[in-house]
Amino acid sequence: MKKSVVFILLLFLPFYLISETLSLISESAKNGIVLYWDSLSETGLLEKNGHQLSFRKGEKIALLDSMLLIMVDEPEIQNNEVFVTKKFMDKVNELFKTDGTSSFKVGAILIDAGHGGKDPGALRTYKINGKDVSIREKDITLNVANMLKEKLKTSYPEKKIVMTRETDVFLSLSERTDIANTLKVGENEAALYISIHVNSSLNSTASGYEVWYLSPGYRRTVLDKSNSENDKSLFSILNSMMEEEYTTESVMIANFIMDGLKAQIGNQSKARGIKAEEWFVVKNANMPSVLIELGFLTNYDEAMNLMSDKYLKKATLGIYNGIVAFITHFERSRGFTSVK
């Protein structure tokens, strides 16, 4: 996602100089502001009129509309509730007074068909109609990726729909993420990374589909340090905010895709849920990204599903519908996301 820091507004006054503090929940409700608060990371988002303000407990810096650094009175936690100063709320109301003019869009979607070439991925041979038939993960992922690409290109001719591979070629994991991180998008545009895979297990009864995102415990550098040369002390804070935003968006994409798969696949296979892990292709892609496991080749019934064009079309439609739902939400909210 291409976002840059424009300038800094100063409105900081130490908390200890202000006697009155206000409940952020009450003040937000009173002023028609939507508040999202993550108690684990102690970070929050305020949203109104297409504007968003990201903030964190005890931090003097907030991020307006993913572009503008604001120096603020530090929000504090008292009895498990967020409190802010009157000056904090006055500034928020001033910033949120008018309809947002920035328009955040998804500019590019990168579809990664797992494995390929000399790397078949999961592989299993079954006897079907008296013949040995080998089923390879690399073929299934490419089939689904190509169908997904065509659906997205038809619906979004103005967006870049890119694939890491369009044929049976080998790409290393680093080559895949290099493609992702060199993908060009416009100002205020996001790029999404969708990696498609098939599962396997030593347990032949294991079955179901799942969607993975990067574990929040992993931290990566998502900003260009050259953008923060004037104040290097701000870099780690801003980078952390942006990384958390990518995680939030990845979780939302994962939820939408999981909902889409459930609606299409029904009881033909089971939903194993949304999961977090430090997958290489996910953690090294500096953008919202998810990894989809379509099912288990090591389960006979599921392998037969994964060989079926009808089944794969359903799975593809589920993924497509999930991406469309995310794009609709993202663009209507001008880039603001929250995890349901």
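## Salt bridges at exposed and partly exposed residues

Arg 136 and Asp 139 are joined by a salt bridge, with their closest N and O atoms 2.7 Å apart. This comes from a predicted model. Arg 136 counts as partly exposed because its relative accessibility is 32%. Asp 139 is also given as partly exposed, and its relative accessible area is 34%.

A salt bridge also links Lys 127 to Asp 132; here the closest N and O atoms lie 3.1 Å apart. Lys 127 is exposed, because its relative accessible area is 56% and exposed means over 50%. For Asp 132 the relative accessible area is 56%, so this residue is exposed.

## Other salt bridges

How many salt bridges does the structure hold? The count is 15. One of them brings together the side chains of Glu 59 and Arg 56, at 3.6 Å from N to O. Glu 59 and Arg 56 are both buried. Elsewhere, Lys 149, Glu 150 and Glu 166 form a network of salt bridges. Side chains of opposite charge can pair when their charged atoms come close.

## A buried Asp without a salt bridge

Asp 73 lies in the loop that runs between strand 7 (68-71) and strand 8 (76-78). Asp 73 is buried, but it has no salt bridge. Which side chain of opposite charge is nearest to Asp 73? That side chain is Lys 87, at 5.8 Å. The side chain of Asp 73 does make a polar contact, at 2.5 Å, with the side chain of Thr 85.

The model contains an open sheet of 6 strands with mixed pairing, in the order 13-10-14-17-15-16. Strand 13 (160-163) and strand 16 are the edge strands, and each pairs on one side only. From one strand to the next, the twist averages 20 degrees. Strands of a sheet pair through backbone hydrogen bonds, either parallel or antiparallel.

Strand 14 (residues 189-199) and strand 17 run parallel and are joined by 6 bridges. Ser 195 has Leu 291 of strand 17 as its bridge partner. Two helices pack on this sheet. Helix 3 (residues 137-155) touches strand 10 (105-113), strand 13, strand 14 and strand 17, and its direction makes about 150 degrees with that of strand 14. Helix 4 (residues 173-181) touches strand 10 and strand 14, and its direction makes about 165 degrees with that of strand 10.

Is strand 15 (residues 209-213) mostly covered or mostly open? Strand 15 is mostly covered, with 5 of its 5 residues buried. In a regular strand the side chains alternate between the two faces of the sheet. On one side of strand 15 are Tyr 209, Val 211 and Tyr 213, and on the other are Glu 210 and Trp 212. These residues are all buried, so both faces of the strand are covered.

Strand 15 pairs with strand 16 (residues 271-276) in the parallel sense, over 5 bridges. Within strand 16, Ala 276 stands opposite Tyr 213. Strand 15 and strand 17 (residues 289-296) run antiparallel and are joined by 3 bridges. Within strand 17, Glu 293 stands opposite Glu 210.

Terms used: Residues numbered from 1 in each chain as written. Predicted model: local features only at pLDDT ≥ 70, side-chain atom pairs only at ≥ 80, totals over all residues. Heavy atoms only, no water. Helix = DSSP H or I, 4+ residues; strand = E, 2+ residues; numbered from the N terminus. Buried < 20%, exposed > 50% of the residue type's maximum accessible area, 1.4 Å probe, protein only. Lys, Arg positive; Asp, Glu negative; His and termini not counted. Salt bridge = Lys/Arg side-chain N within 4 Å of Asp/Glu carboxyl O. Polar contact = N/O pair within 3.5 Å; in protein donor to acceptor, adjacent residues only side chain to side chain. Pairing = 2+ DSSP bridges. Axes fitted to C-alpha atoms, helices over the stretch in contact; angles between N-to-C directions. Contact = heavy atoms within 4.5 Å.
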